[in-house]
Amino acid sequence: MARDTMTYESYEPDSFDNPPKGPVGVHRGARSVMARLCPFIVVILVAALCGVGAWAWISGEYKNVVGGSSQTVTTSKSDSSSKAETKNSTKDDSSSTSTDSSKDSTSDSAKSDTDSDTTSSNENQNSDQQSQQSEAIATVNKATQVRVVNATGIQGYAGQQADVLQTAGYTSVEATNPSGTLPASSVVWYQNETDKATAEDVATTLGISAVEQVQGLAVPITVVLLN
């Protein structure tokens, strides 16, 4: 007896012949390679981390890691402190330099002022001396009236001495004979203090050493010539 051949068309159609699209229930589509490998990778990583942690704990390497972090923090703080100290030192040096510069500047200024005062004082002294010399020279007034008295008994001697004075620049000179009381030796008399320098110049010109102030003279300067 031959067996009947059963084919797909031999069965009545039912709900399983038109299933919905996509996986339903236990009927899921095939997953990707990464989705299948991801659990294994996670397990391997966790195991590796656990192994590294256990090794670090047993060998004591974790202390170096912690110590290294602390040392880094300490080093950072030390560097900050060193920078702060360096900055403060720089400020102190700058302040000290500024103070020293101010002191040097003040000292130089004081020295300059002292030198200026000394120079000014010396210039004033020199100026005063020059003024005194100029004043002494200026008080020799060769226009002052001078009378030459001949008490020597030598005729014409007073005229000769008057000519000597005129040659020296004196413009008002007269020669006369003596009258009244005469001195013991040749002398140049002057009446006022302002005529003293002129009288001394007259005495020097005529070679007479005695110069005296006498009140009541007829002229500002009188020259008495004696042997």
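Visitor: Which residue is the bridge partner of R147 in β2?

Guide: R147 pairs with E174 there. Strands here are DSSP runs of E with at least two residues, helices are runs of H or I with at least four, and both are numbered from the N terminus. This is a predicted model, where local features need pLDDT of at least 70 and side-chain atom pairs count only at pLDDT 80 or more, while totals for chains, interfaces and linings use all residues. Residues are numbered from 1 along each chain as its sequence is written, and side-chain values use heavy atoms, with hydrogens and water left out.

Visitor: How many bridges join β1 to β2, and do they run parallel or antiparallel?

Guide: Four bridges, and the two strands are parallel: β1 covers residues 146–150 and β2 covers 173–176. Two strands count as paired if DSSP finds at least two bridges between them.

Visitor: What do β1, α3 and β2 make together?

Guide: A right-handed β-α-β unit, with α3 spanning residues 157–167. Right-handed means that, with the strands pointing away from the viewer, the path from the first strand over the helix to the second runs clockwise. β3, α4 and β4 also make a right-handed β-α-β unit.

Visitor: OK, switching to β3. Which strands does it pair with?

Guide: β5, antiparallel, through four bridges, and β4, in the parallel sense, over three bridges. On the β5 side, V187 stands opposite V224. On the β4 side, W189 has E212 as its bridge partner.

Visitor: And which residues cover the faces of β3?

Guide: V187 and W189 are on one side, V188 and Y190 on the other, and all of them are buried. Buried means under 20% relative accessible area, exposed is over 50%, and partly exposed is in between, using a 1.4 Å probe and protein chains only. In a regular strand the side chains alternate between the two faces of the sheet.

Visitor: Which residues of α4 are buried?

Guide: T198, A199, V202, A203 and L206. Seen down the axis of α4, they fall within an arc of 140°, so they line one face of the helix. That arc is taken from the directions from the helix axis to the C-beta atoms.

Visitor: What do they pack against?

Guide: β1, α3, β3, β4 and β5, going by contacts, meaning heavy atoms within 4.5 Å.

Visitor: T198 is a threonine. Why does it count as buried?

Guide: Because its relative accessibility is 1%. The T198 side chain also reaches the backbone oxygen of T139 at 3.1 Å. Not counting residues up to four places away in sequence, T198 touches T139, V140, N141, T144, Y170 and I221.

Visitor: What about the largest nonpolar core, which residues touch the most other members?

Guide: V146, V148, L165 and V223, out of 17 residues. A nonpolar core is a set of buried Ala, Val, Leu, Ile, Met, Phe, Trp, Tyr and Cys residues joined through side-chain atoms within 4.5 Å. α4 gives the largest share of this core, four residues.

Visitor: Which residues does V223 touch, then?

Guide: Leaving out residues up to four places away in sequence, V146, R147, V148, V149, V187, V188, V202, L206 and I208. There's also a second, separate core of six residues, including A151 and L217.

Visitor: Last one: how much of the protein chain counts as buried?

Guide: 15% of its 227 residues. The chain has four helices and five strands, in the order α-α-β-α-β-β-α-β-β along the sequence.

Methods
A polar contact is a pair of N or O atoms within 3.5 Å; within protein, one must be able to donate a hydrogen and the other to accept it, and residues adjacent in sequence count only if both atoms are side-chain atoms.
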